[in-house]
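Below is a brief report on one protein chain. Please look over the sequence and the fold before reading on.

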Amino acid sequence: MSSLDTVRDALLIARYEKIIDDVDFALLYEANLSRPVYPYNKFDRFEIDTWDDSECRTDLRFGKQDLDLLRTYLQIPDEIVCSQRSVCEGMEGLCILLKRLAYPCCYTDMVPRFGRNPTELCLIFNEVLDLVYANHSHRLQNWDLNPFLQPDQLHRYAEAIHLQGAPLTNCFGFIDGTVRSIARPKHNQLVMYNGHKRVHGIKFQSVVTPNGLIANLSGPFEGKRHDSTMLHESDLLNDLRRVAFHNGQPLCLYGDPAYPLGVHLQAPFKGNNLTPHMELYNKSMSEVRVAVEMLFGNISNYFKFIDFKRQMKVNLSPLGKVYFVCALLENAQTCLYGNQVSHMFGIDPPSLNDYFSW
């Protein structure tokens with residue numbers, strides 16, 4: 001393939017030989033000009049010491065004093081080497097990840113903060129995203145090894161939910177699905193279209209516990225999938241049948257009316273002819289089930305990048321990884337600072353060390 005310099009030289013020769021006229025030459029020459037290079041070299045390279053705590057909390061969603069601890073527990077190495085051999089320190093890589101996820105922005109908007117070429121920023125972001133997902137996605141998917149989903153802990157959650165006013169005495173958490181809007185895909189538009197929300201999207205299924213954590217996350221699923229289909233494909237019920245017991249008594253999750261009833265999964269009473277007791281039951285359970293909506297809101301409030309659907313492009317961006325990493329970072333935030341769900345039920349979340357120790 002010819003370089004742009006070669007093409008421009010050929011155009012000059014063609015004009016000199018009168019093969020093309022002035023108008024054609026001007027149009028073709030302008031079309032083959034090199035794009036201007038973004039002046040990233042005039043900015044200083046990243047130094048975390050130049051950031052104060054308020055900047056870190058605004059731009060990175062974590063306090064400055066917590067960043068080094070977070071990097072350690074996320075197992076981000078001291079030096080990150082990208083596929084085309086760009087190198088950055090682990091702390092810089094973490095901050096690039098957090099800055100990108102905190103708010104929708106172009107990589108060029110991040111250049112003044114990091115003093116790097118936008119292409120380098122993109123490569124570093126994807127490298128750190130892959131690293132965090134590979135090392136920690138099991139914390140949102142594995143029931144057997146998770147110390148916060150063992151029978152004694154589940155029983156403790158059930159007691160806290162019941163004390164908060166829930167009629168059920170054996171409900172240890174809440175389940176729901178969420179739709180994340182995406183850019184309209186070029187192919188398979190009907191598969192990705194969610195008729196209820198009237199958007200193209202991908203879906204995730206979450207389980208929330210009273211300690212304020214997203215205990216389990218499944219997805220991504222196509223936007224058209226019903227919650228009950230996600231439940232079946234996630235194999236969550238089999239996990240519950242295996243582990244959701246305390247002293248031989250079954251424990252359950254509570255979901256919205258879209259979910260089927262079962263020993264380990266409860267839902268509101270349905271229909272128009274409900275008795276006053278049924279209506280009271282539905283109302284009381286709805287007041288505690290709002291916890292799952294709170295955590296969905298937290299993820300999109302603290303990591304607003306996932307709400308910028310024009311950047312959410314199927315087959316061009318790792319959409320599932322992005323949401324999983326945002327959920328992990330939300331759990332890390334909860335471990336450090338707590339949230340409204342843990343305060344509501346009076347159960348402290350685990351420490352960052354405990355959460356990342358298994």
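## Helix packing

Angles of 65 to 115 degrees between axes count as roughly perpendicular. This is a predicted model. In it, helix H6 (residues 107–114) packs against helix H7 (residues 118–136) at about 95°. Their axes lie 9 Å apart. H6 and H7 are therefore roughly perpendicular to each other.

H6 brings Tyr107, Thr108, Met110, Val111 and Phe114 to the contact. H7 answers with Pro118, Leu121, Cys122 and Phe125. By class, the contact of H6 with H7 has eight nonpolar residues, one polar and no charged.

## Nonpolar core

The largest nonpolar core holds 99 residues. Leu67, Leu101, Phe172 and Phe174 touch the most other members. Helix H13 (residues 319–337) gives the most to this core, with 11 residues.

What does Phe174 touch, leaving out residues up to four places away in sequence? The list is Ile161, Ser206, Val207, Val208, Leu253, Tyr254, Val288, Arg289, Ala291, Val292 and Phe345.

## Annotated span

An unreviewed UniProt entry lists residues 175–331 as "domain: DDE Tnp4". In the model, residues 175–331 are 38% helix and 24% strand. The end C-alpha atoms of the span lie 16 Å apart.

## Val7

Val7 sits in helix H1 (residues 4–16). Its relative accessibility is 25%, so Val7 counts as partly exposed. Val7 and Ala134 are 127 residues apart in sequence. In space, their C-alpha atoms are 44 Å apart.

How values were computed
Residues are numbered from 1 along each chain as its sequence is written. This is a predicted model: local features need pLDDT of at least 70, side-chain atom pairs count only at pLDDT 80 or more; totals for chains, interfaces and linings use all residues. Side-chain values use heavy atoms; hydrogens and water are left out. UniProt positions are given in the numbering used here, feature names are shortened, and annotations may be inferred rather than shown by experiment. Helices (H or I, at least four residues) and strands (E, at least two) are DSSP runs, numbered from the N terminus. Axes are lines fitted to C-alpha atoms, for helices over the stretch in contact, and angles run from 0 to 180 degrees between N-to-C directions. Angles under 35 degrees count as roughly parallel, over 145 as roughly antiparallel, 65 to 115 as roughly perpendicular and the rest as oblique. Contact means heavy atoms within 4.5 Å. Ala, Val, Leu, Ile, Met, Phe, Trp, Tyr, Cys and Pro count as nonpolar, Asp, Glu, Lys and Arg as charged, and the others, Gly among them, as polar. A nonpolar core is a set of buried Ala, Val, Leu, Ile, Met, Phe, Trp, Tyr and Cys residues joined through side-chain atoms within 4.5 Å. Buried means under 20% relative accessible area, exposed over 50%, partly exposed in between (1.4 Å probe, protein chains only).
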